[in-house]
Amino acid sequence: MVGGGHRRKQHKGNCCCCSSPSCRTTMSAPSSKHKKLYQLWKGSNRFFCGGRMIFGPDVASLFLTTLLIGGPSIAFCFQVFSKIGHHTGNQQIGYENELLGYPVLLVGLILTISDLTFLFLTSGRDPGIVPRNSRPPESEEAFEIATPSMEWVNGRTPHLKLPRTKDVNVNGHSIKVKYCDTCLLYRPPRASHCSICNNCVQRFDHHCPWVGQCIGVRNYRFFYMFISTSTLLCLYVFIFSWVNILHVKKNDPLWMTMKREVLSVVLIVYCFIAVWFVGGLTVFHFYLICTNQTTYENFRYRYDKKENPYNKGMLRNIKEIFFSKIPPSMNNFRAWVLEDDHTDVGSITPNIGGLTSKEKLDIEMGSKLAEDGGIPVPDILQNLDYNGIDDDLKTKNADGGIVYDPFFFQVDQDHRDSEQGPTMEDGNLSDGRSSHRATTPILKS
């Protein structure tokens, strides 16, 4: 049912908002009510180049990452180039620093350009966003016996019943997929909803603040190449900065040489600190690749304690990440769509009672649990302003007491309930009147 809501609108306005690449259509003369899909996108993403590039809401961090990579790399290349210049002007000085020649400069430039390229390939592409539906999916059990815990809260569709989770078969294993209240769909296996980008992402790994984008099925390969190239670049600059110091040292004390080669010392310290971060990420994600896990699955499900249904063996897992075809995007952000069809409406949240603590933890977006009964409150009700409603329902009687409108609060029923005998609630004896104190019709001023 993924993207089903979009497919139904394709014939309505002669436009394509379908997620399937084969259904992408470009209108020759769109009307004023038509806009590009990226202009009406409900997620938190930011688009550039007319929807050709998609970034996360924290795209500004990309400039910081570029500076942290490009700054030391340019300084290192400048240092190597200066040594080559000395070699050209002075053969003796050049002999002392002949190890820092054109090959070292060329390799440094290649690593720097490759690292920045992988960074922008990771950050500027669709990570595997699942198109959201405009209405809830049709339930296969829609006409069976009504289950109160599965009915819709708003009551407009009492025949529609949707369970919070349903089982799908993956490689002979039964996997539970969750219903997303924001995207109005059952998430595909391994997909999760990113609270930062506000999208469901296929094979969701994590949201990386350094690249300003979610890491999913369509950019995980480039993300790993980015962190591994960053590790190689740190090691490369670290090693050849030491080579420069030791080669210039000769018979002088080491600290005297380091005073003369301040730039090399700064690069050594910087790369030593950075390599622990990017190097640790590289080793950790290589382990995830070999075991076919995502960061989200590793921290949440702990496959080391139970069988991983996606593990195909180390070689096949590596082949799947690096040598398989990247799936096409499920969204055509440059397609013309009707503006009316993409107006933002409140999400419809199923009323699902009796949740366990783990199931409550699994509810990631779209509902908040009430403090008393644990009943999910729909987003459309959470945003209402209730200030002044009580005042509108109150009037004063002749004695000065506050009387509630009898059309909203039935006085007779409340009196009958208060006259009932004691009841047992939560192991304590109750006289039956405490639960009605909030709705007592007459309050003394």
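Predicted model: local features only at pLDDT ≥ 70, side-chain atom pairs only at ≥ 80, totals over all residues.
Let me start with the rings. A pair of aromatic rings is described by the distance of the centres and the angle of the planes. Searching the whole structure gives 13 aromatic pairs. Take Y38 and F47. Their ring centres are 5.6 Å apart and their planes meet at 45°, so this pair counts as tilted. Both Y38 and F47 are buried.

Now a second pair, W41 with F333. Here the centres are 5.2 Å apart and the planes are at 80°, which makes the arrangement edge-to-face. Where in the chain do W41 and F333 sit? W41 is in the loop between β1 (34-36) and β2 (46-48). F333 is in the loop between α9 (314-322) and β11 (336-338). That is a separation of 292 residues, and the pair links these distant parts of the chain. W41 and F333 are both buried.

R190 lies over the face of Y310, 4.0 Å from the ring centre. R203 has its charged end over the ring of Y220, at 5.3 Å from the centre.

Next, some backbone angles. Most residues other than glycine have a negative phi. Which values do we find at C49 and N198? C49 has a positive phi, near 55°. N198 is not a glycine either, and its phi is positive at about 60°. C49 belongs to the loop between β2 and β3 (53-55). N198 belongs to the loop between β7 (192-194) and β8 (199-201). As for accessibility, C49 is partly exposed, with a relative accessible area of 49%. N198 comes out at 17%, so N198 counts as buried.

One more residue in a loop is E138, between α4 (102-123) and β4 (165-170). Is E138 buried or exposed? E138 is exposed, at 63% relative accessible area. Along the sequence, E138 and L162 are 24 residues apart, and in space their C-alpha atoms are 8.4 Å apart.

Now to the record. An unreviewed UniProt entry lists residues 62-81, 101-122, 222-243 and 263-290 under "transmembrane region". I checked two of these spans against the model. Residues 101-122 are 95% helix and 0% strand, with 32 Å between the end C-alpha atoms. Residues 222-243 are 100% helix and 0% strand, and there the end C-alpha atoms are 31 Å apart.

Rolling a probe the size of a water molecule over the atoms shows where empty space is left. The second largest pocket holds about 430 Å³ of space. Its lining has 22 residues, and the closest to the centre are L68, I69, Y270, A274 and V278. Which helices contribute at least two residues each to the lining? They include α2 (61-89), α5 (220-249) and α7 (262-291). By class, the lining is made of 18 nonpolar, 3 polar and 1 charged residues.

To close, two things to look for in the structure.

Notes:
Residues numbered from 1 in each chain as written. Heavy atoms only, no water. Phe/Tyr/Trp six-rings, centres within 6.5 Å; stacked < 30°, edge-to-face > 60°. Buried < 20%, exposed > 50% of the residue type's maximum accessible area, 1.4 Å probe, protein only. Helix = DSSP H or I, 4+ residues; strand = E, 2+ residues; numbered from the N terminus. Lys NZ or Arg CZ within 6 Å of the ring centre and 35° of its normal. UniProt positions renumbered as here; feature names shortened; annotations may be inferred. 1 Å grid on protein atoms, 1.4 Å probe; cavity = no way out; pocket = protein on both sides within 12 Å on 5 of 7 lines; lining within 4 Å. Points joined across faces, edges and corners; volume = space filled by probe spheres on them. Nonpolar A, V, L, I, M, F, W, Y, C, P; charged D, E, K, R; others polar.
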